[in-house]
Each structure stands twice: as structure tokens, then as C-alpha cells.
Amino acid sequence: AQLARLCDLAEPTAEVLLLLPGPPDPDVMAYWDKILQVGGVQSPSSRYRVVWPANHSRLPSHMSTTAKILSSPATMKRLRSFVNGRLGYVLPGLVGDEEVDLCVQLGVPLLGPAP
């Protein structure tokens, strides 16, 4: 699902912010970059950011990624600085109350059905 969202970078003015449950493997990120380069995206790694909860290793594994992000003040501060003043939206894999709460806190719309 992340690669499909990264394909939005084919639009020259687009930037993508991926929210993951933990740090991705560097080999996966290198693969994403290569696929995007082959697809014609110039300097793909400079046009997307990957964010995961600062305290991801200490949180229970049953928590959703969104719940982990909401419980991490440092990560929320980082997200706010990324989206501050920019047009954007949240496109979650699954929509629940936590995703709605995240959008409200970030001041961006949710692109998806009601939970």
C-alpha cells in the first residue's frame, strides 16, 4: 500500500508523508527509490518522508499505528511541523475514530469513508 501512495510523486508538485508503525528497512526504502526513479520521478527520496512513533518499541503491539502516533507527543509535533500551512490530506488504509482524531489534531481532511 505504501508504494501505491508513493506513486503520487509522479505529480511534480506532490510530496508524500508515510506514517509507519516503525522504521522501515533501508533496503525497502532503496527499493522504493529505485522503482520511483524507473517511473520517472526525479530525486524521489527528497520528496517523501517516513515517520514512525518515537516510542514505537515501548508501545504494545496490538495498538494501531495511528494510536501509537497519537500517543507520541514528539511525533505529533513533528507531523504538525511537516503539514503546517500546506495543502494535504490523510489517506488511511483503514478508517476509525483514531484517524479522525489525527486529522482533527493536524487540521487536515481525511480522504476516506466515515468510521
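**View 1. The glycine that follows α4.** Directly after helix α4 comes G85, whose phi is positive, near 80°. Helices here are DSSP runs of H or I with at least four residues and strands are runs of E with at least two, numbered from the N terminus. The model is predicted, so that local features need a pLDDT of at least 70 and side-chain atom pairs count only at pLDDT 80 or more, whereas totals for chains, interfaces and linings use all residues. Residues are numbered from 1 along each chain as its sequence is written, and side-chain values use heavy atoms, with hydrogens and water left out.

**View 2. The salt bridge between R86 and E15.** The structure holds 1 salt bridge, defined as a side-chain nitrogen of Lys or Arg within 4 Å of a carboxyl oxygen of Asp or Glu. The side chains of R86 and E15 form this pair, at 3.1 Å from N to O. The pair links distant parts of the chain, 71 residues apart, with R86 in the loop between α4 (73-83) and α5 (97-106) and E15 in the loop between α1 (2-6) and β1 (16-19). R86 is partly exposed, at a relative accessible area of 45%, whereas E15, at 52% relative accessibility, counts as exposed.

**View 3. The setting of these details in the chain.** The protein chain contains 5 helices and 2 strands, which run from the N terminus as α-β-α-β-α-α-α. Its radius of gyration is 14 Å, close to the 13 Å that the globule rule gives for 115 residues, so the chain is as compact as a globular protein of that length; the radius is taken over C-alpha atoms, and the rule is 2.2 Å times the number of residues to the power 0.38. Buried residues make up 32% of the 115 residues, and of the contacts between residues at least 6 apart in sequence, 52% join residues at least 24 apart.

Notes: Buried means under 20% relative accessible area, exposed over 50%, partly exposed in between (1.4 Å probe, protein chains only). Contact means heavy atoms within 4.5 Å.
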